[in-house]
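Work through the exercises below with the model open beside you. Try each task before you read its solution.

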Amino acid sequence: MAKIPEATLNSGHKIPLLGLGTAVEPRPPSELVTSIILTAIEVGYRHFDTAAAYETERPLGAAIAEALRRGLVKSREELFITSKLWCRDGHPDLVLPALQKTLENLGLEYVDLYLIHWPVSLKKASQGPSIRKEDILVMDVKSVWEVMEECSKLGLAKSIGVSNFTCKKLQDLLAAARIPPAVNQVEMNTGWQQKKLMGFCKEKGIHVALRWLHQQGVSIVVKSFNEKRMEENMEIFDWELTEDEVKKIGESPQGRGFSGDVFVSPLGPFKTVEDLWDGEV
């Protein structure tokens, strides 16, 4: 397999333009996740995306340790690891402990990218995986981001960023940030429109949406635990869509992978999905 190309973030660090996500429901056994990640490393993947909320940090860490033991990668530096701050830890005094816990789970000294998972906080006393409407709070993004910056300065995260932020929320953050976010990770659902996209360029197979995203200069995180599909996803780099195809696909409807409706509550900061996304639904 050809080497996955990279892009340079505003932090100066390089990110692979294709990575493997580990958010899967229902959650598979940890041993299976570890085995799948090892397979992905053998196939050629070097970027792995996890999060405290996914409960895949420990199996990813086990896979990294095993890959180093087997010599599948020569050093930790060959890998790009992303994790995310969960909403329950979205308080200034909990950010650093949360990242330290993530590093403990991964068995690493640093992550390559650490993201605020959602621009929402939950009450510190909230428990369990479910999100109760009465626990949803406004995040003090400015204060949380200050600690994210400290995590970067300490070398615990080479790059820091956000996830699921709207243009307005990004503008508000940028107005106060000393270190600008290197990434805003947004989940897109391309599967629902795949048949339509293939109608634009039938001869180019089933990975039209991924290739279109790549041609937008986006680093893509795919979620497939199937080895054959992993290999097929890596084949998007040796062909191109025409300008007309790019234009037509860009004009087609886009869909979010997750609406974030669990954070919507008449009692909370976001009364509607439109409020959460500042109208960018």
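This is a predicted model: local features need pLDDT of at least 70, side-chain atom pairs count only at pLDDT 80 or more; totals for chains, interfaces and linings use all residues.

**Exercise 1. The whole chain**

Task: Describe the make-up of the chain and decide how compact it is for its length.

Solution: 
- Start with secondary structure. The chain has 10 helices and 11 strands.
- Next, take the radius of gyration. It is 19 Å for the chain, and the globule rule gives 19 Å for 281 residues. The two values are close, so the chain is as compact as a globular protein of that length.
- Then box the C-alpha atoms along the principal axes. The box is roughly 50 × 45 × 35 Å.
- Now check burial. Of the 281 residues, 47% are buried.
- Finish with contacts. Take those with a separation of 6 or more: 71% of them join residues 24 or more positions apart.

**Exercise 2. Helices α1 and α2**

Task: Classify the packing of α1 and α2 as parallel, perpendicular or oblique, and say what makes the contact.

Solution: 
- Locate the helices. Helix α1 covers residues 30-43 and helix α2 covers residues 57-70.
- Read the geometry. The axes lie 8 Å apart, at an angle of about 45 degrees.
- Apply the cut-offs. Under 35 degrees is roughly parallel, and 65 to 115 is roughly perpendicular. The pair α1 and α2 is therefore oblique.
- The crossing of α1 and α2 is right-handed.
- List the contact. From α1 come Ser 30, Val 33, Thr 34, Ile 37, Leu 38, Ile 41 and Glu 42. From α2 come Pro 59, Leu 60, Ala 62, Ala 63, Glu 66, Ala 67 and Arg 70.
- Sort these residues. Nine are nonpolar, two polar and three charged.

**Exercise 3. Helices α3 and α4**

Task: Find the angle, hand and residue classes for the contact of α3 with α4.

Solution: 
- Helix α3 spans residues 92-106, and helix α4 spans residues 141-153.
- Their axes cross at roughly 35 degrees and come within 8 Å.
- The crossing of α3 and α4 is right-handed.
- Helix α3 contributes Pro 92, Val 95, Leu 96 and Leu 99. Helix α4 contributes Ser 143, Val 144, Val 147, Met 148 and Cys 151.
- Eight of these residues are nonpolar, one is polar and none is charged.

**Exercise 4. Val 95**

Task: Is Val 95 buried or exposed, and what does Val 95 touch?

Solution: 
- Val 95 belongs to helix α3.
- Test its burial. Buried means under 20% relative accessible area. Val 95 has 0% relative accessibility, so Val 95 counts as buried.
- List its contacts, leaving aside neighbours within four places in sequence. They are Leu 85, Asp 89, Tyr 114, Val 144, Val 147, Met 148 and Cys 151.

Notes: Residues are numbered from 1 along each chain as its sequence is written. Side-chain values use heavy atoms; hydrogens and water are left out. Axes are lines fitted to C-alpha atoms, for helices over the stretch in contact, and angles run from 0 to 180 degrees between N-to-C directions. Helices (H or I, at least four residues) and strands (E, at least two) are DSSP runs, numbered from the N terminus. Angles under 35 degrees count as roughly parallel, over 145 as roughly antiparallel, 65 to 115 as roughly perpendicular and the rest as oblique. A crossing is left-handed if the near helix is turned anticlockwise from the far one by less than a right angle, and right-handed if clockwise. Contact means heavy atoms within 4.5 Å. Ala, Val, Leu, Ile, Met, Phe, Trp, Tyr, Cys and Pro count as nonpolar, Asp, Glu, Lys and Arg as charged, and the others, Gly among them, as polar. The radius of gyration is taken over C-alpha atoms; the globule rule is 2.2 Å times the number of residues to the power 0.38. Buried means under 20% relative accessible area, exposed over 50%, partly exposed in between (1.4 Å probe, protein chains only).
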